[in-house]
Amino acid sequence: MTVRFKGTELRPVLAEAVANQCRVILIKDQGVYFLAERGERRPDGRQKTIAYAAGCNPDVDGFDDWWELARAEFAGDDFGEFFDPQEGVFARILRSEDDLDVSATTTHLSLQAVPPTPSGN
C-alpha cells in the first residue's frame with residue numbers, strides 16, 4: 001500500500017523549507033503530512049503550509065477513513081521523519097510536475113517521484 005502526495009501541494013512546503021534553510025518533516029499524527037521544520041504560522045498557531053497525503057487530511061476526510069489509511073500504511077504509532085528538501089526525490093519534485101508516493105515497512109520508508117495522475121483521479 002502507498003499514500004500519495006500531490007506535487008502541487010508538496011512543492012510549496014519544499015520551497016518554504018528551502019527558503020528557511022530547514023528540513024521537511026513527514027508526520028503521522030492527526031493525518032499524514034509534510035511541513036517545513038520552520039514555517040509560517042496561522043493566527044491559531046498551526047503551520048500555514050502543509051501537504052497532506054491524499055485521503056489522510058482530517059480537515060476533509062472522515063476520521064475512520066484517514067485513520068484507517070494512515071494505520072494501514074504506517075502502523076499505529078505517531079512519528080516524525082526529517083528530510084533535506086534539496087536532496088534526492090525532493091529535489092526532483094521541486095524541478096518537475098511529479099507527485100510523491102510514500103510507502104513503509106516496519107524498518108524503512110520508501111519515497112518515489114511518480115507522474116501526476118490526471119485530474120479527477
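**Exercises on a predicted model**

**Exercise 1.** Determine which residues line the largest pocket of this predicted model, and classify the lining.

*Solution.* The lining of the largest pocket consists of Glu73, Phe74, Ala75, Phe79, Ala104, Thr105, Thr106, Thr107, His108 and Leu109. Sorted by class, this lining comprises 5 nonpolar, 4 polar and 1 charged residues. The space in the largest pocket amounts to about 170 Å³.

**Exercise 2.** Describe how helix 1 and helix 3 are arranged relative to each other, and identify the residues that form their contact.

*Solution.* Begin with the axes: those of helix 1 (residues 7–19) and helix 3 (residues 88–95) come within 9 Å and cross at roughly 110°. Angles of 65 to 115 degrees count as roughly perpendicular, and helix 1 is therefore roughly perpendicular to helix 3. The handedness of this crossing is left-handed. Next, list the contact: helix 1 contributes Leu10, Arg11, Leu14, Ala15 and Val18, while helix 3 contributes Phe90, Ile93 and Leu94. Finally, the class count for this contact gives 7 nonpolar, no polar and 1 charged residues.

Conventions. Residues are numbered from 1 along each chain as its sequence is written. This is a predicted model: local features need pLDDT of at least 70, side-chain atom pairs count only at pLDDT 80 or more; totals for chains, interfaces and linings use all residues. Side-chain values use heavy atoms; hydrogens and water are left out. On a 1 Å grid over the protein atoms alone, a cavity is a set of points where a 1.4 Å probe fits but cannot get out, and a pocket is an open set with protein on both sides within 12 Å along at least five of seven lines; lining residues have an atom within 4 Å of a point. Grid points are joined across faces, edges and corners, and a volume is the space filled by probe spheres set on the points. Ala, Val, Leu, Ile, Met, Phe, Trp, Tyr, Cys and Pro count as nonpolar, Asp, Glu, Lys and Arg as charged, and the others, Gly among them, as polar. Axes are lines fitted to C-alpha atoms, for helices over the stretch in contact, and angles run from 0 to 180 degrees between N-to-C directions. Helices (H or I, at least four residues) and strands (E, at least two) are DSSP runs, numbered from the N terminus. Angles under 35 degrees count as roughly parallel, over 145 as roughly antiparallel, 65 to 115 as roughly perpendicular and the rest as oblique. A crossing is left-handed if the near helix is turned anticlockwise from the far one by less than a right angle, and right-handed if clockwise. Contact means heavy atoms within 4.5 Å.
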